[in-house]
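User: Please take a close look at the aromatic rings in this model. How are they paired, and how well are they covered?

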Amino acid sequence: MNRSPRLKTGLLLAALAAQYAWVGVAGALWAEPWPALVFPGFKRVMLTGDRFESTVYRIRVYRAGASASAAPPPLEFSPEEVFIGVPRSQLNGMLRARFRNATSADTLSEAAVNWLAPRVDQLAGRGWLALEIVETPLSLRYEHGRLLPPDPIPGSTPVPTRAVAVALHPDPHRP
Amino acid sequence: MLRTWEREAGRWNPDGLALLRIFTALFIGLLLVPPAKGGDPAWIASVPPDFFAPPPGPLSWLAGFPPADVVHALRVSAMLSLVAMGVGWGTRSASLLAGITLLALQGLQYTVGKVNHEMVLPLVPLVFAFSGWGARWSVDGLRSDRARAGSPPSSPIPSAVPVLALLIGFMMFTAAVPKLLGGWLDPRSQAVLGHLLNQRIAKGRDLLLSGPAAALDVPPFWELADWATVAFELGFLPAVLHPKWFRGFVAAAVFFHLSTLLMLNIAFLPNFAGYAVFLNWGALARRVRRLSGRVPAGAPNALQSPPAWFAAGVCAFLLPLTLPLPPLAAGDLTLPELAIVGGSALWLATLGARRLIGHITRIKKPVPATKTDTG
């Protein structure tokens, strides 16, 4: 091999290493950058021993009752059921990114509520009052090929879910 | 490194490169222009601004989601440049434009904050833009001297081939590093099984072998899967040193993707545009020439043209996959993904079995006696 191809190969390798370093720095400070010449790392190990841990997103929809005390329990839907049209490969990442630094005080904009309302109407009926997007840490037991609820630890409290975005129905009484 | 690749230059001779160009244009154009899974191509334009979370990089310069017209215009540009690339008309510019528009289309999907790792798709036209793949069986070739156009390769093998190998090898390496750091090799954890369970629970990907695999409570098997995954991804980079090793890893990658498709319902179809580069295009070109040579001399020119035969064959396989079929059951796996990944694995398995049988037959055959043997 003469000097030129060797030099070019070296430069290419150096450039690849430099961009990978940028991916590491940006990922640690903000989020994974794009474009970058990387493949998915799937770094997180979710099953250790018999303990399976993950995070799921659910859409919780509250409905009106005859009185405040008689309100029916909220309905829960998966993101795939509500966010019609968003590719499944993007959906969880989209919710994770949107709510990375969110607090329970976050509310969705009117545009977002109007975007979600027709689909939620179809799923929950038009009488719904509010919806929230809930991030739930999962901790399950994997045993004999099945996922089971974890053994309760005496005195422990249930894992809290985080309602990361709340939205009120634009007009629950509309025809 | 380049020398070992140069020994296999026949695989990417000008005719072979031309077929690779035509195949890439058809494969991407018919199946993989983003977003490739059906539905509204401009879905991103309908998402409210609450969900705008572009990744660091040029996308963060955008003020919000793009209008639908921008997405449609990019898709039309991508398709037109792929057509131009396929017929070899302004091949270099068309290849560059195809790569850039595909890259832009991919990027816009990621402005919701989730980056998919499909970079191989735009890389193929971008890297091969300077390979001379427009020199033969192309409008460029007909225009200027009818043989010397489109910047024919100056070296025995276009450097695009080892460069793409190096890029794929490096990207595979970047997939292995987080696994090593994340504890995939820890015998107390089963990472592959964990991701399988997560795809089922968090993403509803529970088709094909997902259920039976999730029920397979055999920790040594899953630990082996963890180690094999990391070894496979790490090994890709050193395999670049020799084309034979690299082809072995590409073949292994097909089976790797088959296993992730069957168990995790993830296909990674864009990678196949990159893997296809490492087929024996020179041999395929000779076959196509022989086939088209059987057409009687008086037949129309199109029927005697090897690239026309080749394009018709590729279309015959790919066009049925473009029918607007819904995703399989409740998941997001599509028929083209299943057909391409499954078909590639089946073809490779058949090829491997034939070679093995040939090898065994040769071993069993008695060696004929030579004069030296008989003294």
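Analyst: Helices (H or I, at least four residues) and strands (E, at least two) are DSSP runs, numbered from the N terminus. On that basis chain A reads α-β-β-β-α-α-α-β-β-β along its sequence. The model is predicted: local features need pLDDT of at least 70, side-chain atom pairs need 80 or more, and totals for chains, interfaces and linings use all residues. Residues are numbered from 1 along each chain as written, chains are lettered from A and ligands numbered from 1 in written order, and side-chain values use heavy atoms, without hydrogens or water.

Now the rings. Over all chains there are 23 aromatic pairs (Phe, Tyr or six-membered Trp rings, centres within 6.5 Å; planes under 30 degrees apart are stacked, over 60 edge-to-face, the rest tilted). F170(B) and F173(B) form a tilted pair, with centres 6.2 Å apart and planes at 40°. Both sit in helix α8 (residues 160–182) of chain B, three residues and about one helical turn apart. F170(B) is buried at 6% relative accessible area (buried is under 20%, exposed over 50%, partly exposed in between; 1.4 Å probe, protein chains only). F173(B) is partly exposed at 27%.

W281(B) and F310(B) pair edge-to-face: 6.1 Å between centres, 80° between planes. This pair links distant parts of the chain, 29 residues apart: W281(B) is in helix α14 (residues 281–293) and F310(B) in helix α16 (residues 306–318), both of chain B. Both residues are buried.

One aromatic cluster includes W5(B), W12(B), F232(B) and F278(B). A charge also meets a ring: K179(B) lies over the face of W184(B), 5.1 Å from the ring centre (NZ of Lys or CZ of Arg within 6 Å of the centre and within 35 degrees of the ring normal).
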